[in-house]
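Good morning, and thank you for making time on the agenda.

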Protein chains: 2
Amino acid sequence: MYRPEIKVLDCTIRDGGLINDHLFEDHFVRAVYQACSLAGVDYVELGYQASKKFFSPDKYGKWKFCDEDHVKKAIEGIKSKTKLSTMVDIGRVELDQVMPKKKSVIDLIRVACYIKDVDKAIDMVKHFHDKGYETTVNIMAISTALQPDIEEGLAELAESPVNAVYVVDSFGSLFSEQIHFLVKLYLQYLQPKGIEVGIHAHNNQQLGFANTIEAIRKGANYLDATIFGIGRAAGNCPLELLLAFLKNPKFDLEPILEVIEKEFLPLREQMEWGYIIPHMITGILNQHPRAAIALREGPDKDKYAEFYHKLVHGD
Amino acid sequence: MYRPEIKVLDCTIRDGGLINDHLFEDHFVRAVYQACSLAGVDYVELGYQASKKFFSPDKYGKWKFCDEDHVKKAIEGIKSKTKLSTMVDIGRVELDQVMPKKKSVIDLIRVACYIKDVDKAIDMVKHFHDKGYETTVNIMAISTALQPDIEEGLAELAESPVNAVYVVDSFGSLFSEQIHFLVKLYLQYLQPKGIEVGIHAHNNQQLGFANTIEAIRKGANYLDATIFGIGRAAGNCPLELLLAFLKNPKFDLEPILEVIEKEFLPLREQMEWGYIIPHMITGILNQHPRAAIALREGPDKDKYAEFYHKLVHGD
């Protein structure tokens, strides 16, 4: 039987925005929000609440900033029970620019951090919690963190008002046994406090969906996915696979298939993501995707063997 | 530590041949065999030993038949420890046309069958075994077989001279728990007789690699994969991911990356395989890929929502 506690969060616009500097047009954002609403997705994440002090609106699209007016306009008139989410990075947000929940259409703010910055993340969680928001902490690059550091961070998070803490496989390098280990470790600290565990899996080794299932099997209830697997580099767990897997009858696959057909096939002609060998290579080597992203922008984008050789043996 | 018993079988040319009626040119076959040889792959499967009584050489390429002369010519001069394999289908081969092993460069003959034809497969296994070949039985469409039938088949196979019996997820519909169940069930019957278990996973749900790993974890030692995941419809477990995962130092990833770059990128422009939504749809519905393959050949190839609706609700 299905677990009613499971929440699906579509981060198509937010993670996909990392490919195109968050320059999605309103009609595309509306199509995604509409499809997710019809499909019964619990949350849609639109972008970052980054500060314009640190990032220029000349370079970045509006989903880097998620101004209240822009968000409202994008969802206007769409009948939906789907909640809205934004993400914030440590040190890239001005807290006093985030308005109280009662004045905002945003429901959930997710704080992304590395394990070393959990203290800072908790401060931000408290701030957003006090303003009335739901919150999560998404601990990135968990595949390179040491167990004592993870446990220390989890112990602190367990004392915070956070709603969920995510296992984030930023490099797409984890296997099922490691997912099992991490989800169980997270639950050990968080479950007694009623804090949920989430999973955000990248697809470098074609394990995004598989690892999401393994996290579910061990008790993760917050599940990130993106339509057609869009996202930086190799992309994410595909929402269409996840919805087909989940047994809760509230989910409907058809609106997602329809938006793939209408919006994502043309988009895929203009933007690159997915199982592309340089991204597979950083995944198997448990490395940040930046080297592969740089390679794909240059003339050697398909020199796979040479790229691998350099990463393994040096120049 | 790695398991030395593990054998990797590359079926790029055989399963890829299902896309193009086995019309691969010699230079491509040589490039694959060369790369697999350098990479330390244990077996390369070139095609079928189908009878020309049933299939016309006017329509099908030579890898549908694998005449000894053609095989010899394709591998001539390539230094290799990699063994050669062919596949046969029940009722599509003339047994007396298969020459004794001592006159052939083929090492392994794999008999593909549905669960109902295990008796016929065993007869063929005995025949090829007596001629001096290694043999496997690949039980297709196992996701639609009933457990008592599987157990009856395994009990019979356990008494045969077969070297390995495969779990074949023809529709790419199985999840990790089902893979665990099947591999354990196979081993229960076969392990006491020294018969190995194999896994051949399709990628309709992006679980080809994940399910291969899960089969390994439960004891499968014969692993099928294809370069760049090539294969009919959604394709197969990608060899490059599998080799990167396996710890045996005899495997080398670089020659595979090189042949992807040189041969498979141009091929992918001419032939279609991989994570394409209609193939995902037949996978989640546990159906043969034929409806999706037909759709992809027609004008409605990207009408995903309609295709899904028809398969679920009828016309």
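Predicted model: local features only at pLDDT ≥ 70, side-chain atom pairs only at ≥ 80, totals over all residues.

Let us begin with how the two chains are related.

A word on confidence before the details. The predictor assigns the complex an ipTM of 0.97 and a pTM of 0.98. For chain A, the mean pLDDT is 97, and 100% of the residues reach 70 or more.

I turn now to the interface between the chains. Here, 29 residues of chain A are in contact with 29 residues of chain B. Which helices of chain A each supply at least two residues of the side that touches chain B? They are α7 (208-218), α8 (239-245), α9 (254-270), α10 (277-284) and α12 (304-313). Of these, α9(A) provides the largest share, with six residues. As to composition, this side of chain A divides into 18 nonpolar, four polar and seven charged residues.

Next, the organisation within a chain. The domain assignment divides chain A into domain 1, covering 7-270, and domain 2, covering 277-313. Taken over C-alpha atoms, the centres of these two domains of chain A are separated by 26 Å. Where the domains meet, ten residues of domain 1 of chain A are in contact with eleven residues of domain 2 of chain A. On the domain 1 side of that contact, the classes are three nonpolar, six polar and one charged.

Finally, I would like to show one helix pair in chain B. At what angle do the axes of helix α2 (residues 26-39) and helix α3 (residues 68-75) of chain B cross? The crossing angle is roughly 65°, and the two axes come within 8 Å. The crossing of α2(B) and α3(B) is right-handed. From α2(B), the residues involved are D26(B), V29(B), R30(B) and Y33(B), and they meet K73(B), A74(B) and I75(B) of α3(B). By class, this contact has four nonpolar and three charged residues, with no polar residues.

Thank you for your attention.

Notes. Residues numbered from 1 in each chain as written. Chains lettered and ligands numbered in written order. Contact = placed C-beta atoms within 7 Å. Helix = DSSP H or I, 4+ residues; strand = E, 2+ residues; numbered from the N terminus. Nonpolar A, V, L, I, M, F, W, Y, C, P; charged D, E, K, R; others polar. Domains from an automatic or database assignment. Axes fitted to C-alpha atoms, helices over the stretch in contact; angles between N-to-C directions. Left-handed = near helix turned anticlockwise from the far one by under 90°. pLDDT = per-residue confidence, 0-100.
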